[in-house]
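Visitor: I'm new to reading protein structures. Could you walk me through one, a feature at a time?

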Amino acid sequence: MKDIIHMLKNIFDRQQNFKKCTVHPKNLDVSFEEAKNIILNSVSPLSAENISIMEASRRVLFEDIVSDIMIPHVDDSAVDGYAIIAADTRGASKNKPAALRIVGEGQAGGAITGKHVSKGTAIRIMTGAPIPEGADSVIRFEETEEDAGYVKISNETAKFNNYRFAGENIKIGDKVLQKRDRLRSADIGILASLNYNAVKVYRQPTVSIVSTGDELADISQEIQAGQIRNVNVCTLYSEVKKYNGIPDCLGIAKDTLQDTKEIFLKALKSDVVISTGGVSMGKYDFVKEIFSDLGIEMQFERVNVKPGSPCAFGKKDNKLIFGLPGNPVPTLTSFVQFVRPALLMLMGAKRIEKPIVHAFLEEDIKSARAHHLVRGYFTIKNNEFHVSTTGNQKPSILRSMSAANCLIILPEEITMARAGEKVAVQLIDHDEI
Ligand code: AMP
Ligand code: MG
């Protein structure tokens, strides 16, 4: 019934808009793609800050990193062995090994003791030690025998054997990392090897998390008859942390206009506000009313997506305000589809899409006339991608979300997907590409 009233109101509004012609009020019912585009066009990256590289995991670079040194700095040895002149091993065999006099030793990070290598001599060196002057090859310990100050080599050895060449890892002037790259462990290792101890990254967005509903009890509270746990604050806190936002849980607003307004007033100090519940057509759903009361410029109020069509997004100054649905599954799926890319863009990231692959569906799925996101489990069998659903798809069933590692995407125009067909699958546990 509510849907029919909503639909009629919509048709009426559209007709009014058409008649007026001179004004273009926004249609706040949007398709999934429209909702995503609206959000992505609303976000400008935040400013920069300097942080220790030890804290930089998954943060986004604000600067290009160009090397002013060579790594390795000099030619050094890739193995523990002997630095020799390759030509000294010419004709060497098991029966007639080359015997080279050991004249010194070189350690990684330490100076070389003894002389440089000259014809008929060798210097014992460790992995990472610079190649001593005069040598042009390194033979590994395992391929030699040492006896009375001599090393015996039974194979001919080529020049530059077991060398790590100066600059083969990084050369002077190499742009090793780029502005807007999201730092992973190997990247942080590169920064360390280039002598960075701090690095310039985009600031983390502060994110206020607001819960609405008389029925909710936080995990710190004793639960009363008729109450349910405030699950969404926990799942959202976990998601915000995962994407390096700074979450601030503002608590639960009772289902009154005043309580809802007060909590949103506090929340608006953050870069991003995420609320859950109270955004639908219920008698006590005040969130949209409060948004307009607070001067938030609404961009959409309803998205043709399942689950989670009651989903609002607005802007005030540079702040992004998301009114997500109350049910725990659409809270999460809406976060993944809409809030997550916005957080990543605020943090300057250029890779914001979860990977989508095509997989063979293992069962029939009846779809709605909406962008349908079905909780699924994705596997690889005989080098092919397969996907099945994780059971009950009601928006309140968090268990099937917990069992899922992907979302099967059935676009608006599809009403039925059959077993054996290939379907698009969004890998929600994988990094953005
Ligand atoms: P609402 O849109 O406020 O009517 O909420 C829709 C459904 O989601 C109701 O069954 C609520 O009890 C439930 N819900 C709302 N907020 C939360 C929350 N923070 N944690 C768990 N369930 C919630
Ligand atoms: Mg509610």
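**Around the ligand**

Guide: Let's start at the ligand: one of its nitrogen atoms, in ligand 1, is 3.2 Å from a polar backbone atom of Gly326. That is a polar contact, meaning a pair of N or O atoms within 3.5 Å; within protein, one must be able to donate a hydrogen and the other to accept it, and residues adjacent in sequence count only if both atoms are side-chain atoms. Asn230 brings a polar side-chain atom to 2.8 Å from a nitrogen atom of ligand 1, and Asn232 has a backbone N or O atom 3.3 Å from a nitrogen atom of the ligand.

Visitor: How much of the accessible area of ligand 1 does the protein cover?

Guide: Accessible areas come from the Shrake-Rupley method with a 1.4 Å probe, and for residues only the protein chains shown count as cover. On its own, ligand 1 has 480 Å² of accessible area, and the protein covers 75% of that. Two elements give two or more residues each to the shell: β17 (228–229) and α4 (231–242). Those labels are DSSP runs numbered from the N terminus, helices being H or I with at least four residues and strands E with at least two.

Visitor: Before we go on, what sort of model is this, and how are things labelled?

Guide: This is a predicted model, where local features need pLDDT of at least 70, side-chain atom pairs count only at pLDDT 80 or more, and totals for chains, interfaces and linings use all residues. Residues are numbered from 1 along each chain as its sequence is written, chains are lettered from A and ligands numbered from 1 in the order in which they are written, and side-chain values use heavy atoms, with hydrogens and water left out.

Visitor: How many residues surround ligand 1?

Guide: A residue is near a molecule or strand if one of its heavy atoms lies within 4 Å of it. Here 14 residues surround ligand 1, and the closest are Glu215, Asn230, Val231, Gly278 and Gly326. The shell divides into 3 nonpolar, 8 polar and 3 charged residues. In that sorting, Ala, Val, Leu, Ile, Met, Phe, Trp, Tyr, Cys and Pro are nonpolar, Asp, Glu, Lys and Arg are charged, and the others, Gly among them, are polar.

**The sheet**

Visitor: How do I read a sheet?

Guide: Strands of a sheet pair through backbone hydrogen bonds, either parallel or antiparallel. We call two strands paired if DSSP finds at least two bridges between them. This structure has an open sheet of 7 strands with mixed pairing, in the order β1-β20-β22-β23-β19-β15-β18. β1 and β18 stand at the edges with a single partner strand each, so one side of each has no neighbour in the sheet.

Visitor: Which strands does β20 join by bridges?

Guide: β1 (residues 29–30) is joined to β20 by 2 bridges, and the two run parallel. Asp29 has Arg302 as its bridge partner, while Val30 has Val303. β20 and β22 are joined by 4 bridges and run antiparallel; there, Glu297 is partnered with Lys315.

Visitor: Why is β20 called largely enclosed?

Guide: Buried means under 20% relative accessible area, exposed over 50%, and partly exposed in between (1.4 Å probe, protein chains only). In β20 (residues 297–303), 5 of the 7 residues are buried, so the rest of the structure largely encloses the strand.

**Loops and cysteines**

Visitor: What should I look for in the loops?

Guide: Ile71 and Pro72 are joined by a cis peptide bond, with omega about -10°, and Pro72 sits in the loop between β3 (65–66) and β4 (76–77). Ser67 is in the loop between β3 and β4 too; its side chain reaches the backbone oxygen of Ile69 at 2.6 Å. Another cis peptide bond joins Lys306 and Pro307, with omega about 0°.

Visitor: Is Asn382 buried or exposed?

Guide: Asn382 is exposed, at a relative accessible area of 75%. Its phi is positive, about 45°, although it is not a glycine. Asn244 also has a positive phi, near 70°, but Asn244 counts as buried at 15% relative accessibility.

Visitor: How many disulfides are there?

Guide: A disulfide is a pair of cysteine sulfur atoms within 2.5 Å. The search of the whole structure finds 0. For Cys249, the closest cysteine sulfur is in Cys234, 7.8 Å away, so it is too far for a bond. The sulfur of Cys311 is 19 Å from its closest cysteine sulfur, in Cys249, again too far for a bond.
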